[in-house]
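I opened the notebook to follow a few elements of this chain one after another. These are my entries, in the order in which I looked things up.

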Amino acid sequence: MSDALFWQALALHRNGKLDEAAGLYRDTVAAEATHFDAWHLLGVLEAQRNNLPIAETSIRRAMQIRPDDASAHANLGKILHAGGKPADALTSLDTAIRIDPDNIEARFEYGNVLRALHRSAEALDRYADVLRSDPNHVGALNNRGAMLSAIGQPREALVCFERVLVAQPNSAEAHWNAALEYLRLGNFSAGLPHYEWRWQTPWLKAHRHDFGLPLWLGQSSPEGKRILVWAEQGLGDTLQFCRFVKQLAARGATVLLSVQPPLKTLLSRLDGVHRLLADGDPVPEADFQCPLLSLPLACETSLATIPAEPGYLHPDPALVARWAAMLGPKNQPRVGLVWSGNIALPYNLRRAVPVEQILALAQGPFEFICLHKDLTAHDRTALATRPDIRIFADAQAGFHDAAALIENLDLVVAVDTAVAHLAGAMGKPVWVLLPFATDWRWFVDRDDSPWYPTARLFRQPKPDAWDPVLATIAAELAQIGQSGAPSEWLQRAVALHRQGKPDAAATMYR
């Protein structure tokens, strides 16, 4: 009787009918309390439903019946890991591997726990061990690739992701990962086609729109066509990639651009836009639609052909004048500061610099301006100790105000945020503080940016190492402060760049 119930439960489990399967597993153990497989698979099922305490209890009941079952120990390790008990998880996984050294899933999960504990070298070794036994283990390839990427080895990471694509050609995650590594290495011809798979990933799939229009990716001439280009990701992405609108318009397209509401006023002055919309506005008649970050592919962009004029976003002159009056007479060069992005984003933990370290940096013959519109209570408390740093958070209505304020500055020092992209897009000197594992758009081993000719990049030499970065910037500021006329010096550099003399400008920036 119990075996009949068990096989029914197993069939339902395999078909994804978890509620019905759970009921029959329970009926099985009610009929036969020592039914190992029913207890074991009930634990696996409850883990699938994220009922971790019940899952752990069920697996432990199974292990009382058969204490030397490697799979049970391995599954308990996964449950303990998911439940935030990594030390206990490693103990269970060690036991599973001792009982069955060939249990690949236990060895793989051991690597996952080490990865979560930031024991990177050991985790990489574990994944390599799995791959020696199973060269096509997709989980190990993906996770090893992700770790190699995070420690600054994009070429090695790419090998892993390409191997995943051999095994699973339609893996959106692998295409996405491969895209990021190719693009980080500056290989646009390989990376941009992979990047189109972003719409199949769980994190972007829900944000895809077609507006009832066919997709244009450069497959036909845009001349004489109305093309709706729409912002798809973050504010910084829109500020960076809106440059391609001018290129599209130059090829004869009538460009309708839809952007995030906070950017609409600022981008109303963008060259090449026939009509500017905000997300949610009624969509006018058009022939095609194209996501904004697909324009580099549609325009056949390479690293050498990135449109990088030094200043394609222009604030309203009247607003610039209003901010100039608000700032008052300038007696020293003005430096804008940005030390954090959106605190709700997990990535912000890596890119943000503690405000106290920025305040320690803000020394010398400069007028420092806080460019943050949104300040945390901690920020305000720290800034209260530095009344010399001027704050205009409450005076900024949006990015159009931020742009006008930045236009009145001589230099922006910022972490990787929308404000850094804004300063670069305006052609203002901007020093960007980058974490060790950077976004692909900053490439590798460069202190300049083909996207923003007036930008300098300051990279962490290893994860979480801001001190060397800040020491370098402090030394650079000190050098500028001793140069006699730093404000005019920076402005001459920008002028040379805008005159088409990038080499001379680069010498002055440095």
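I began with the term that I needed: helices (H or I, at least four residues) and strands (E, at least two) are DSSP runs, numbered from the N terminus. I noted that this is a predicted model, in which local features need pLDDT of at least 70, side-chain atom pairs count only at pLDDT 80 or more, and totals for chains, interfaces and linings use all residues. Residues are numbered from 1 along each chain as its sequence is written, and side-chain values use heavy atoms, with hydrogens and water left out.

Entry on Gln8. I found Gln8 in helix α1 (residues 2-14). I read buried as under 20% relative accessible area, exposed as over 50%, and partly exposed as in between, with a 1.4 Å probe and protein chains only. Gln8 counts as partly exposed because its relative accessibility is 45%. I also looked up its distance from Leu337, which lies 329 residues apart from Gln8 along the chain, and the C-alpha atoms of the two are separated by 64 Å.

Entry on strand β6. Two strands pair if DSSP finds at least two bridges between them. Strand β5 (residues 334-338) runs parallel to β6 and is joined to it by four bridges, with Gly336 opposite Ile369. Two bridges join β6 to strand β7 (residues 390-391), also parallel, and there Ile369 stands opposite Arg390. From β6 the chain crosses through helix α20 (residues 377-383) to β7 in a right-handed β-α-β crossover, that is, with the strands pointing away from the viewer, the path from the first strand over the helix to the second runs clockwise.

Entry on helix α17. Which residues of α17 (residues 317-327) are buried? I listed Leu319, Val320, Trp323 and Leu327. Seen down the axis of α17, these buried residues fall within an arc of 105°, so they line one face of the helix; the arc is that of the directions from the helix axis to the C-beta atoms. On the face turned away from the buried side of α17 I found the exposed residues Pro317, Arg322 and Ala325.
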